[in-house]
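Look over the sequence and the model first, then read on.

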Amino acid sequence: MGTRLSSLLTLSAFSAIFLAGCSSQPAPQTTPTPATASAATTAGRQPKPEDTEYYTPVPAIVTPGSTNGAPPSDALVLLGGGNDLSEWVMQKDKSPAAWPIADGVMTVDKKAGGIETKRSFSNYQLHLEWRIPEGITGSGQARGNSGLFLASQGPGDDGYELQILDSYNNKTYVNGQAGSMYKQNPPLVNAMRKPGEWQVYDVVWTAPQFNGDGSLKTPAYVTAIHNGVLVQNHFALRGNTPYIGQPVYKAHGATPIKLQAHGDPSPPISFRNIWIRPLQ
Ligand code: MG
């Protein structure tokens with residue numbers, strides 16, 4: 001499927017593909033051991049349909065949410081409908097997250113700094129909703145800037161950032177607009193909704209793997225859907241996503257997920273309904 005065609009996937013089409021993908025990679029399960037017939041057993045006779053069919057292991061049953069945005073039965077809810085921030089800590093000192101929250105909507109406190117998950121993750125599927133405030137001011141990178149760090153590697157902006165920004169009629173460098181892997185790869189398309197409306201990210205993250213000497217074994221991969229539209233298609237990262245300089249890989253294991261408190265003076269953005277499904 002070509003990139004352009006991929007970018008036209010609708011939410012329903014994606015959901016079908018996504019669910020198909022999940023059923024082949026639920027969390028956790030044993031490694032499939034297909035009981036395919038060997039060449040020897042089919043030698044000398046006509047192949048049968050059954051030669052290429054197997055029945056174990058059976059994919060785990062996951063009950064989907066009432067909508068595709070609601071957490072399925074095996075998800076860990078990181079931010080639900082209440083005002084519970086217990087899954088989050090301040091990034092700078094690991095103290096309890098101090099961003100304001102009301103009715104399940106959490107708003108960035110730029111002075112307090114970024115927050116990150118208490119738990120660490122490797123590979124996962126993540127759902128996150130975010131909203132640029134109506135009446136947002138500023139331009140370029142100084143307009144509703146935040147970020148979803150798919151793996152935080154330490155203080156500040158260290159890690160791999162899927163950019164959050166108001167990219168509705170707001171020009172900036174394309175590898176820094178909403179849906180970009182910051183400074184590495186622009187989104188395939190701009191799927192922004194207007195300020196004041198909720199935006200949805202659905203992300204599949206495959207963490208990088210490292211050899212014993214710290215060298216890179218396999219890169220990180222990201223697939224990201226913005227408002228039901230594919231914006232990152234199994235993109236292989238070249239390393240972290242620094243503001244200045246080239247990407248580099250620095251060996252790490254499981255890490256927290258971080259939300260950015262960007263220093264621009266525009267009004268802060270909000271988050272709601274965040275859940276995750278760790279994958280093998
Ligand atoms: Mg950002």
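## Overall picture

Of the contacts in the protein between residues at least 6 apart in sequence, 64% join residues at least 24 apart. Two residues are in contact if their C-beta atoms, placed from the backbone, lie within 7 Å.

This is a predicted model: local features need pLDDT of at least 70, side-chain atom pairs count only at pLDDT 80 or more, and totals for chains, interfaces and linings use all residues. Residues are numbered from 1 along each chain as its sequence is written.

The protein has three helices and 15 strands. Helices (H or I, at least four residues) and strands (E, at least two) are DSSP runs, numbered from the N terminus. Of the 280 residues, 34% are buried, that is, with 20 or more other C-beta atoms within 10 Å of their own, again placed from the backbone.

## The open sheet

Five strands make an open, antiparallel sheet, ordered β2-β5-β14-β7-β8. β2 (88-90) and β8 (159-164) are at the edges with a single partner strand each, so one side of each has no neighbour in the sheet. Two strands pair if DSSP finds at least two bridges between them.

## Strand β7 and its partners

β7 covers residues 146-152. Seven of its seven residues are buried. Five bridges pair β7 with β8 in the antiparallel sense. The two strands form a hairpin with six residues between them. In that turn, glycine 154 has a positive phi of about 145 degrees.

β7 also runs antiparallel to β14 (residues 258-259), joined by two bridges. Leucine 148 has bridge partners in both strands: leucine 162 in β8 and leucine 259 in β14.

Key
Buried ≥ 20, exposed ≤ 12 C-beta atoms within 10 Å, placed from the backbone.
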